[in-house]
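Here are my notes on the model you sent.

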Amino acid sequence: PLLQTIRAWSLPTALLGSFALFLHMCHYFPKERPDLLRRKWIRIGGYTFLIVSFFGIRFLPGWGPPAIIIANGLYVFIVPVLFRKEVPADYKKMNKVVKWTGLAVGIASIAFGVIVPNLGGVQVLKWLSMYSIVLLALPISYLYTINRYRLMNLTLRIRRNVQYSFV
């Protein structure tokens, strides 16, 4: 029973927490956004929405969970759109790869959610393995952006690392 309780609470926590953390991450990556940082209501609203939504999902039957997830998604994706005119040009340039990769992964996630429940057996495993490869695109896009624009004062010394690995 303890494992079932942990599983029942961890999925909504992870799902709803991802919305709030994504919104918070938009304030700092790939470059700090002072226009969003000075508006503390955005971050506070995201985490408040997380708490309210969490209890709504746990205690509202039927249509509650899908409506809450959609509302969270709308809040997280509409707020940055409201302030898109204040976005510096270099932020747009740096964020292009991450933005398009995220959009592609989001579309793949929707397709996965629509197609896989209708399948069974080995087909589910095939789609799941393909989906895991698609999900790898997100961290790869972040690593690409960090390396390409030398963010966080990281200098990747690939040649030296390869030499050390051969030694």
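1. At what angle do helix H5 and helix H7 pack, and how far apart are their axes? This is a predicted model, and in it H5 (residues 89-115) and H7 (residues 137-148) pack at about 175 degrees, with axes 9 Å apart. Angles over 145 degrees count as roughly antiparallel, so H5 and H7 are roughly antiparallel to each other.

2. The contact itself can be listed by residue. H5 brings Met94, Val97, Val98, Thr101, Gly102 and Val105; H7 meets them with Ala137, Leu138, Ser141, Tyr142, Tyr144 and Thr145. By class, the residues of this contact of H5 with H7 are eight nonpolar and four polar, with no charged residue.

3. The largest pocket has a volume of about 1,400 Å³. Its lining is made up of 30 residues, and those nearest the pocket centre are Phe22, Phe77, Lys99, Gly102 and Leu103. Gly102 is also among the H5 residues that meet H7.

4. Which elements give two or more residues to that lining? They are helix H1 (2-25), helix H4 (64-82), H5 and H7. The largest share, 14 residues, comes from H5. The lining of the largest pocket comprises 20 nonpolar, five polar and five charged residues.

5. On confidence, the mean pLDDT of the protein is 81, and 89% of its residues reach 70 or more. H7 has the highest confidence, at 88, while helix H8 (residues 158-166) has the lowest, at a mean of 60. Where pLDDT is low, predicted coordinates should not be read in detail.

Conventions:
Residues numbered from 1 in each chain as written. Predicted model: local features only at pLDDT ≥ 70, side-chain atom pairs only at ≥ 80, totals over all residues. Heavy atoms only, no water. Axes fitted to C-alpha atoms, helices over the stretch in contact; angles between N-to-C directions. Helix = DSSP H or I, 4+ residues; strand = E, 2+ residues; numbered from the N terminus. Parallel < 35°, antiparallel > 145°, perpendicular 65-115°, else oblique. Contact = heavy atoms within 4.5 Å. Nonpolar A, V, L, I, M, F, W, Y, C, P; charged D, E, K, R; others polar. 1 Å grid on protein atoms, 1.4 Å probe; cavity = no way out; pocket = protein on both sides within 12 Å on 5 of 7 lines; lining within 4 Å. Points joined across faces, edges and corners; volume = space filled by probe spheres on them. pLDDT = per-residue confidence, 0-100.
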